[in-house]
Amino acid sequence: MDKIGPVMSARDEEGGFVYALETTAEHSNALGLVHGGVITSLLDQAIALVAWVAADRAPCVTVQLDTRFVSAAKPGARLDARATVRETSGSMMFLDAEVLDGARVIALATAVMKISRKVT
């Protein structure tokens, strides 16, 4: 994320986490829009951090990440990402996430995360 970020984090009014990225021209694709890979990386980071907290700080790895792009973002936009845990089953966690530019939805995602137990 150092190549994309810094990614800022804060708590929202409901106590959930919000992760934000101030985009620049370096985040743009050939069309002059924020590259989909940047948006997907922000989603994956937000999902991984929310999963990590929900798993009592156990490492979590992405098994599947499905992203749906709803709208485009222009460089200079502040993109906010939020993720929520939908369900946990054994060592698997299922999450939903979104990226917003203000009130406008840019992307939606669903993810499956594997909770990794430390090997000793």
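Guide: Let's start with a word we will need: a residue is buried under 20% relative accessible area, exposed over 50%, and partly exposed in between, using a 1.4 Å probe and protein chains only. Phe-17 is partly exposed, because its relative accessible area is 23%.

Visitor: Thanks! What kind of model is this?

Guide: This is a predicted model, in which local features need pLDDT of at least 70, side-chain atom pairs count only at pLDDT 80 or more, and totals for chains, interfaces and linings use all residues. Residues are numbered from 1 along each chain as its sequence is written, and side-chain values use heavy atoms, with hydrogens and water left out.

Visitor: How should I read the sheet, and in what order do the strands stand?

Guide: Helices (H or I, at least four residues) and strands (E, at least two) are DSSP runs, numbered from the N terminus. Two strands pair if DSSP finds at least two bridges between them. Here, six strands form an open sheet, with antiparallel pairing, in the order β1-β2-β4-β5-β6-β3. At the edges stand β1 (8–11) and β3 (60–69); each has a single partner strand, so one side of each lacks a neighbour in the sheet.

Visitor: How many bridges join β1 to β2?

Guide: Four bridges join these antiparallel strands. Among the pairings, Ala-10 has Val-18 in β2 as its bridge partner.

Visitor: How is a pair of aromatic rings described?

Guide: By the distance of the centres and the angle of the planes. Rings of Phe, Tyr and Trp (its six-membered ring) pair if their centres lie within 6.5 Å; planes under 30 degrees apart count as stacked, over 60 as edge-to-face and the rest as tilted. A search of the whole structure finds one aromatic pair. Phe-17 and Tyr-19 have ring centres 6.1 Å apart and planes at 15°, so they are stacked.

Visitor: Is Tyr-19 buried or exposed?

Guide: Tyr-19 is buried, because its relative accessible area is 5%.

Visitor: Which charged end sits over the ring of Phe-17?

Guide: A charge sits over a ring if NZ of Lys or CZ of Arg is within 6 Å of the ring centre and within 35 degrees of the ring normal. In this model, the charged end of Arg-11 sits over the Phe-17 ring, 3.9 Å from its centre.

Visitor: And the loops: where is Gly-90?

Guide: Gly-90 lies in the loop between β4 (78–89) and β5 (92–101), and counts as exposed because its relative accessibility is 64%. Leu-31 is in the loop between β2 (17–22) and α1 (36–54), and its 73% relative accessibility makes Leu-31 exposed.
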